[in-house]
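Thank you all for making time this morning. I would like to walk you through one model, beginning with the ligand and then turning to a sheet.

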Amino acid sequence: MFKLIFKQYKAKSSSPDLNDVLNFDDPLRNDRITAHRLNTCHEENIRSIPGLKSSSTWQCYELRDHPGILVIRNPFTERGLRYWIARCLRDYPRPPNIVNLNERLFDETVRSDWWKQLHRCQHKDDFQRTKVAMRWTTFGYHHDWDTKHYDDHMHSPFPEDLSLLCRLFSSTMGYEDFKPEAAIVNYYPVGSSLSGHVDYSEPNQSAPLFSFSFGQSAIFLIGGRSLEETPTALLLQSGDVLIMSGESRLCYHAVPRILKDHKTVNCDLSKEFDDSCGGDLNALDMDLFEHVGNLSFWQPFSDYIVDSRININVRQVLKPGQLLLN
Ligand code: SIN
């Protein structure tokens with residue numbers, strides 16, 4: 001059933017039928033979701049990260065048919081969204097992080113600084129080829145896509161800003177001890193997809209998985225423990241935070257379709273340094289946080305997400321008390 005539904009949403013010949021796709025903005029469908037109460041005592045921690053709206057405005061839902069699947073509808077300010085998009089495009093795909101770019105097709109200058117070299121492409125075709133070639137970057141423990149294992153020797157530092165963001169969300173959800181140890185940033189040009197899989201490579205399979213969506217929206221399928229079970233289709237929009245926890249942590253999931261429906265906001269935010277509350281100005285790269293408010297700085301990032309989606313997927317790898325993998 002999972003593969004059949006995946007194929008239906010993926011089919012390029014038609015625009016997808018969104019009637020069965022759960023949209024968290026559509027109150028008529030609220031019989032399939034329940035409101036999930038967040039730990040509000042963490043408001044002070046939330047205020048410590050610039051670019052997040054006050055938690056009193058956050059809407060968090062749990063799927064009735066998939067207990068443990070939680071979605072927080074975009075808790076980011078416009079400047080916050082821009083910051084994370086820029087980090088994913090400009091900074092995260094650089095060494096020592098690993099990227100998918102093939103060494104037979106791209107030389108070292110592109111593989112070590114894709115975003116910079118992309119904007120040096122002279123020809124439209126070369127630009128487009130280089131743009132869509134970037135599909136993933138890994139950091140922290142690097143996921144080995146062939147062996148499906150992590151290795152103590154395949155590790156790069158986990159960025160402090162993303163670690164802080166994940167620890168904030170995990171404590172807000174009641175997972176005080178969550179340690180962000182491995183991340184995959186997935187880049188999805190419109191027309192691409194990710195087939196059904198279960199994330200079972202982590203020795204720690206009790207810790208939740210945090211997934212942040214930016215740019216264009218996606219149809220996300222969440223199924224059960226077997227491919228026989230009928231999946232539920234959700235619409236994930238820019239800024240949404242999806243948490244796979246509890247009994248849904250090891251369920252099949254997939255992204256059959258990227259939709260081109262998200263309009264980017266291109267106003268100049270540079271006059272209002274942050275459109276959220278105060279914040280610990282050392283937590284993020286504050287030069288970048290400031291610059292994304294400037295229209296000409298933001299334009300190339302805005303152009304990228306006109307036809308692309310970005311997903312940051314964060315996992316804890318080690319079990320509590322475990323120091324080494326092998
Ligand atoms: C993943 O499962 O690795 C990515 C999911 C997503 O892009 O939302």
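**The ligand and its surroundings**

A polar side-chain atom of H197 lies 3.1 Å from an oxygen atom of the ligand, which is a polar contact in the sense of a pair of N or O atoms within 3.5 Å. This is a predicted model, in which local features need pLDDT of at least 70 and side-chain atom pairs count only at pLDDT 80 or more, whereas totals for chains, interfaces and linings use all residues. Residues are numbered from 1 along each chain as its sequence is written, and side-chain values use heavy atoms, with hydrogens and water left out.

H253 also places a polar side-chain atom 3.0 Å from a ligand oxygen, and for N311 a side-chain N or O atom is 3.4 Å from an oxygen of the ligand. The protein buries 96% of the 260 Å² that the ligand exposes when taken alone, with areas from the Shrake-Rupley method and a 1.4 Å probe.

The shell (residues with a heavy atom within 4 Å) includes Y188, L194, F220 and R309, and its residues divide into 4 nonpolar, 6 polar and 2 charged; here Gly counts as polar, and Asp, Glu, Lys and Arg as charged. Strand β14 (308-315) is among those that supply at least two shell residues, and its 4 residues are the largest share; strands are DSSP runs of E, at least two residues long.

**The sheet**

Nine strands form an open antiparallel sheet, in the order β2-β3-β4-β12-β9-β14-β7-β6-β5, where pairing requires at least two DSSP bridges. Its edge strands are β2 (33-35) and β5 (98-99).

How values were computed:
A polar contact is a pair of N or O atoms within 3.5 Å; within protein, one must be able to donate a hydrogen and the other to accept it, and residues adjacent in sequence count only if both atoms are side-chain atoms.
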